[in-house]
Amino acid sequence: MYRQDHTRPTPPTRRAVLGAGIAAAGSALLTACSGSGADPTAGAGKEVAGPGPGGSVSTDGKKVRPTWTPSPEGKLRGLTFTATPATVEIGGGRTVRTSTYNGELPGKAVRITAGDTLEMTLANHLPEPTTIHWHGIALRNEMDGVPEVTQPPIKPGGSFTYRFQAPHPGTYWFHPHLGLQIDRAMYAPLIVDDPNEPLAYDAEWIVLLDDWIDGVGGSSPEDVFDQLRKGKPAMGHGGSAHQRGHDRGTRPVPSKPSGGIAAGYGPPGARAPEPDDASPSPQQQGKGHGRLMTGASSPLLGGHAGDVAYPHYLINGRTPDDPTQFRARPGDRIRLRIINAGAETAFRVALGGHRMTITHSDGFPVHHHRTDSLLLGMGERYDVLISAKDGVFPLTALAEGKNGAAMAVLRTASGALPGPTARPAELRRDVLSSARRLRPHETVELDRRRPDRILKLTFTGGMKNYDWGIDHRPYSPDRVHRIEHGERVRLVVINATDMWHPVHLHGHTYALAGIDSRGARKDTAPVLPHNKLVLDFDADNPGHWMLHCHNIYHSESGMMTTLTYDA
């Protein structure tokens with residue numbers, strides 16, 4: 001669905017959504033919830049034996065949009081997704097065998113309106129357990145999708161129904177939270193529309209960025225992980241499944257040889273596979289050899305950029321030599337919802353010939369900020385507005401610090417496609433590399449309040465031993481950090497490593513704290529090497545909530561922990 005060209009509807013509407021991929025197939029908008037005042041999400045997930053108490057989110061009713069407020073107008077949207085192995089094409093006739101949602105790459109977008117309830121049944125047709133994590137949503141704890149913390153894993157042949165109210169409008173996404181499954185095709189956008197949308201625009205373009213290795217030349221994420229860890233077991237949520245004897249992943253079949261990564265814009269010294277190396281010899285394919293890189297570096301990331309040499313980078317499931325195209329008219333005002341669904345790669349994004357106006361970060365509105373390009377760590381999202389010019393323009397997502405890029409195309413006129421090595425000049429101009437430069441909109445900024453608790457966490461480990469952890473220890477489900485309901489908590493994340501880490505907190509958004517604690521609202525933000533990240537959030541959603549690095553190879557090595565509190 002994301003592959004096809006998008007054709008502008010006629011006549012245009014104020015918020016025309018282009019392309020069949022925007023709506024979730026197989027979903028149905030059902031009748032309004034009862035007006036009795038009962039919580040429309042009550043009773044869902046009864047089969048879950050997780051420790052989370054559920055509960056509701058409280059707000060002060062002044063600064064933060066209301067959450068968990070049942071209303072007669074709230075509607076229920078029900079649909080079913082299937083986690084299943086499938087062969088998908090990623091561009092240029094290349095096919096790979098991987099794990100998917102409904103046999104597609106990426107999964108279909110799911111749309112609901114803020115205040116409505118989503119009920120999704122996930123049927124697991126994989127040969128391994130799985131779950132769904134709803135990235136960025138402040139939902140009930142037992143719906144968060146963390147195996148053995150908020151729910152048992154969904155066994156092969158089993159199913160689980162997630163049911164929750166979506167409190168805040170914005171750009172979100174969903175993906176597994178077990179093992180390395182996120183480094184396959186199991187991800188999709190979750191768009192929560194604002195019933196009182198303040199932005200005026202003609203069209204919307206959902207842009208999913210991804211780094212791709214699964215099934216290319218026989219490689220798999222597990223093989224890469226084994227190479228990075230030198231055979232040491234996983235310490236994240238995939239570890240327990242592995243120890244119980246489950247297969248760690250759907251083993252791919254060899255794909256057609258690829259053209260490799262196009263050399264081009266990038267720092268000197270970074271090493272990635274050359275075209276002749278894109279498909280390693282059969283003796284190497286099954287062991288991750290040829291998929292590790294050294295010398296990947298970026299000043300924007302504070303140095304070391306990554307360890308995995310991905311053979312492909314994708315936008316909406318397509319390689320840059322066979323890109324997806326978005327069709328519009330000159331002068332159209334287009335809202336881009338950009339999601340970094342990658343596992344180990346930061347992307348620097350620019351649209352050739354255009355400047356962007358940032359309107360939202362991680363779903364929450366900010367004071368509008370003009371820039372030429374922006375940097376997204378794994379799990380981050382930005383919404384931007386552009387005014388489309390006349391012509392054919394590359395939307396390039398540079399794999400930061402690595403020799404490669406993803407590309408899609410904005411087309412408002414006839415003309416040849418940009419080449420796959422197109423590097424717009426905007427990539428080298430004004431780059432928003434951190435949301436610290438953004439200010440939250442007044443409707444969502446945290447009120448002025450001193451923290452009731454300061455919690456310090458130190459990210460530790462290194463590339464040589466691949467022993468990532470927190471406070472010099474790998475993740476353990478028995479080790480939690482207890483806070484209290486109603487507290488303003490200040491998290492001080494100290495990065496004592498030589499590499500950057502995107503810091504993700506489940507079930508909450510935090511403010512990037514400054515002198516007045518009024519920074520942009522986020523749920524995922526990078527901390528650079530030998531720096532610290534100061535985050536304020538309100539403990540208003542009781543449960544057991546993960547905090548972890550969103551580099552999946554780091555979190556599976558043990559760089560995660562749990563924050564817990566009761567109502």
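Predicted model: local features only at pLDDT ≥ 70, side-chain atom pairs only at ≥ 80, totals over all residues.
- Is Asp 372 buried or exposed? Its relative accessibility is 8%, so Asp 372 counts as buried, the cut-off for that class being under 20%.
- The side chain of Asp 372 makes a polar contact of 3.1 Å with the side chain of Arg 355.
- Leaving aside residues up to four places away in sequence, Asp 372 touches Val 349, Ala 350, His 354, Arg 355, Met 356, Glu 426, Arg 429 and Asp 430.

**Asn 196, another loop residue**

- Asn 196 belongs to the loop between β10 (188-193) and β11 (203-212).
- With a relative accessibility of 63%, Asn 196 counts as exposed, whereas Asp 372 is buried.
- Pro 169 is 27 residues from Asn 196 along the chain, and their C-alpha atoms are 9.8 Å apart.

**Strand β33 and its partners**

- Strand β33 covers residues 532-538 and is mostly covered, with 6 of its 7 residues buried.
- Which strand pairs with β33 over 7 bridges? That is β28 (residues 488-495), and the pairing is antiparallel. Here Val 493 stands opposite Leu 533 of β33.
- Strand β30 (residues 510-512) also runs antiparallel to β33, joined to it by 2 bridges. Leu 512 has Leu 535 in β33 as its bridge partner.

**Aromatic rings**

- How many aromatic pairs does a search of the whole structure find? The search gives 12.
- One of them is formed by Tyr 313 and Phe 347, in an edge-to-face arrangement with 5.9 Å from centre to centre and 80° between the planes.
- Tyr 313 is part of strand β14 (residues 312-315) and Phe 347 part of strand β17 (residues 347-351), so their pair ties together parts that lie 34 residues apart in sequence.
- Elsewhere in the list of rings, a cluster is linked by ring pairs among Phe 81, Tyr 101, Trp 134, Phe 160, Tyr 162, Phe 164 and Phe 174.

Key
Residues numbered from 1 in each chain as written. Heavy atoms only, no water. Buried < 20%, exposed > 50% of the residue type's maximum accessible area, 1.4 Å probe, protein only. Polar contact = N/O pair within 3.5 Å; in protein donor to acceptor, adjacent residues only side chain to side chain. Contact = heavy atoms within 4.5 Å. Helix = DSSP H or I, 4+ residues; strand = E, 2+ residues; numbered from the N terminus. Pairing = 2+ DSSP bridges. Phe/Tyr/Trp six-rings, centres within 6.5 Å; stacked < 30°, edge-to-face > 60°.
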